[in-house]
Amino acid sequence: MARAQPPRDGEELLAPFRVLAGGEDLATAGAALLERACRALAVVEGVVLLSEGGLVPGPSWGVPGPAGPMGSRPGDHELAAAATASAGSEPAGQPLSAGAGAVEAWCAMVVEGRAVGVLALRRPPGRPFAGGDLAAVELLAIGAALATDRLRFLRLWSRKLEQADAAHSQLLRYADDLRTTFSAERRRAEELGKALDAVELAYTATVRALASAVEAKDAYTGGHLARVTAYGTEACRALGGDLAATPGLEYAFLLHDLGKIGVPDAVLNKAGPLTDEEWALMREHPAIGLRILEGVPHMDVVRAVVYSHHERWDGAGYPEGLKDDQIPLAARVFAAVDAFDAITTDRPYRAAASLDEALHRLRGQRGTQFAPDAVDAIHLVERGRLAAIQATANRGR
């Protein structure tokens with residue numbers, strides 16, 4: 001019986017490749033490919049088996065035979081494996097048939113020597129594949145392989161784009177969260193700044209209230225507090241180092257006699273000399289001041305000056321008898337400027353000495369009553385600045 005030949009019209013063979021060129025996904029393109037290929041080659045059933053961790057059924061077309069769909073029948077696995085194995089032979093991917101007069105063709109879909117699947121086609125009985133048919137099958141398998149690989153790449157690329165989009169969206173969310181957090185933190189910082197400003201104002205007001213209380217106890221102390229604070233600040237600047245920038249230094253000078261609040265008025269304002277008992281009471285004021293400041297935070301330099309401003313460089317002072325560098329630096333400076341102000345201020349029992357005389361007297365006690373660095377610091381202060389401070393001594397009296 002003469003063997004019928006399938007149509008060889010070029011338009012019919014081009015049709016499957018047009019499908020491959022425009023297919024957007026394997027399910028759609030693969031099914032269309034099989035339909036066009038099967039019609040062009042007079043095939044009644046076709047299937048694409050994909051190499052995805054083993055050969056798995058992909059797109060199919062046509063009516064299964066009595067033994068079931070191609071790719072799932074007994075022996076199909078071996079045929080597909082043999083076709084895949086041919087991918088490493090020359091020529092690669094040459095179609096296999098089930099023997100002379102066979103109506104089935106199995107061809108590996110090969111891309112760059114790598115099998116991405118198998119194209120299997122079945123004709124009706126009496127319509128076996130011949131040499132030219134197998135060449136057409138091989139051509140279709142090559143096209144299907146390229147399309148499959150392209151679609152695999154598109155899937156991977158789409159997945160990467162989705163991941164990139166997801167990462168970008170996550171970054172945008174993170175940036176939005178960061179902006180929200182930053183805005184909230186900035187608001188909190190502003191609120192905290194206002195609260196700290198309020199605390200600072202309250203703290204300053206408290207310090208000045210305490211200084212006013214001392215001034216009310218001792219008429220001499222009022223102007224004295226302002227002057228020794230000015231003298232002390234200038235001397236600390238002249239001394240250099242970090243002392244002048246110490247937080248609370250100004251308050252330390254203002255509050256140095258804070259403990260006098262606890263000394264009886266009769267002793268503080270006594271016109272004549274103090275008795276031994278009265279001196280004992282007077283010498284308690286550093287300890288009283290220290291007790292008042294006990295537990296108050298950020299007052300270290302204030303406590304140092306309040307408690308140690310009557311210590312002497314030679315160790316003959318009170319209340320601890322500290323000497324030399326045992327005396328806190330701020331207290332050493334204050335002891336010198338305190339004496340300088342006393343010398344340059346009018347008292348009921350004597351007139352104020354000149355600036356030159358006061359500086360001379362301090363120089364005479366350098367290394368005995370006063371710390372050498374403190375005396376030197378006062379001498380380094382500009383004379384005009386000392387005079388401006390001293391000029392306020394009797395103002396308003």
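Let's start with helix α9 (residues 285-293) and helix α10 (residues 300-308), whose axes come within 7 Å and cross at roughly 160°. Axes here are lines fitted to C-alpha atoms, for helices over the stretch in contact, and the angles run from 0 to 180 degrees between N-to-C directions. That crossing makes α9 roughly antiparallel to α10; angles under 35 degrees count as roughly parallel, over 145 as roughly antiparallel, 65 to 115 as roughly perpendicular and the rest as oblique. On the α9 side, the contact (heavy atoms within 4.5 Å) is made by Pro286, Ala287, Gly289, Leu290 and Leu293, while α10 brings Val302, Arg303, Val306 and Tyr307. Sorted by class, these are seven nonpolar, one polar and one charged residues. For that sorting, Ala, Val, Leu, Ile, Met, Phe, Trp, Tyr, Cys and Pro count as nonpolar, Asp, Glu, Lys and Arg as charged, and the others, Gly among them, as polar.

A quick word on what you're looking at. This is a predicted model, where local features need pLDDT of at least 70 and side-chain atom pairs count only at pLDDT 80 or more, while totals for chains, interfaces and linings use all residues. Residues are numbered from 1 along each chain as its sequence is written, and side-chain values use heavy atoms, with hydrogens and water left out. Helices (H or I, at least four residues) and strands (E, at least two) are DSSP runs, numbered from the N terminus.

Back to α9: its buried residues are His285, Pro286, Ala287, Ile288, Gly289 and Leu293. Buried means under 20% relative accessible area, exposed means over 50%, and partly exposed is in between (1.4 Å probe, protein chains only). The cover over those α9 residues includes α8 (276-282) and α10. After α9 comes Gly295, with a positive phi near 85°.

Now find helix α11 (residues 329-343). Its 15 residues reach 22 Å from first C-alpha to last, close to the 21 Å expected at 1.5 Å a residue; the expected span is 1.5 Å times one less than the number of residues. Since 13 of the 15 residues of α11 are buried, the helix is largely enclosed by the rest of the structure.

Which aromatic pairs does the structure hold? There are two of them. Rings of Phe, Tyr and Trp (its six-membered ring) pair if their centres lie within 6.5 Å; planes under 30 degrees apart count as stacked, over 60 as edge-to-face and the rest as tilted. Phe253 lies in helix α6 (residues 249-254) and Phe334 in helix α11, so the pair ties together parts that are 81 residues apart in sequence. Phe253 is buried, at 0% relative accessible area, and Phe334 is buried at 0% as well.

Helix α5 (residues 221-239) also holds His224, which is buried at 2% relative accessibility. Apart from neighbours within four places in sequence, His224 is in contact with His256, Asp338 and Asp341.

Finally, look at helix α12 (residues 355-364) and helix α14 (residues 383-390), which pack at about 105° with their axes 11 Å apart. That makes α12 roughly perpendicular to α14. Leu355, Asp356 and Leu359 of α12 meet Arg383, Leu386, Ala387 and Gln390 of α14.
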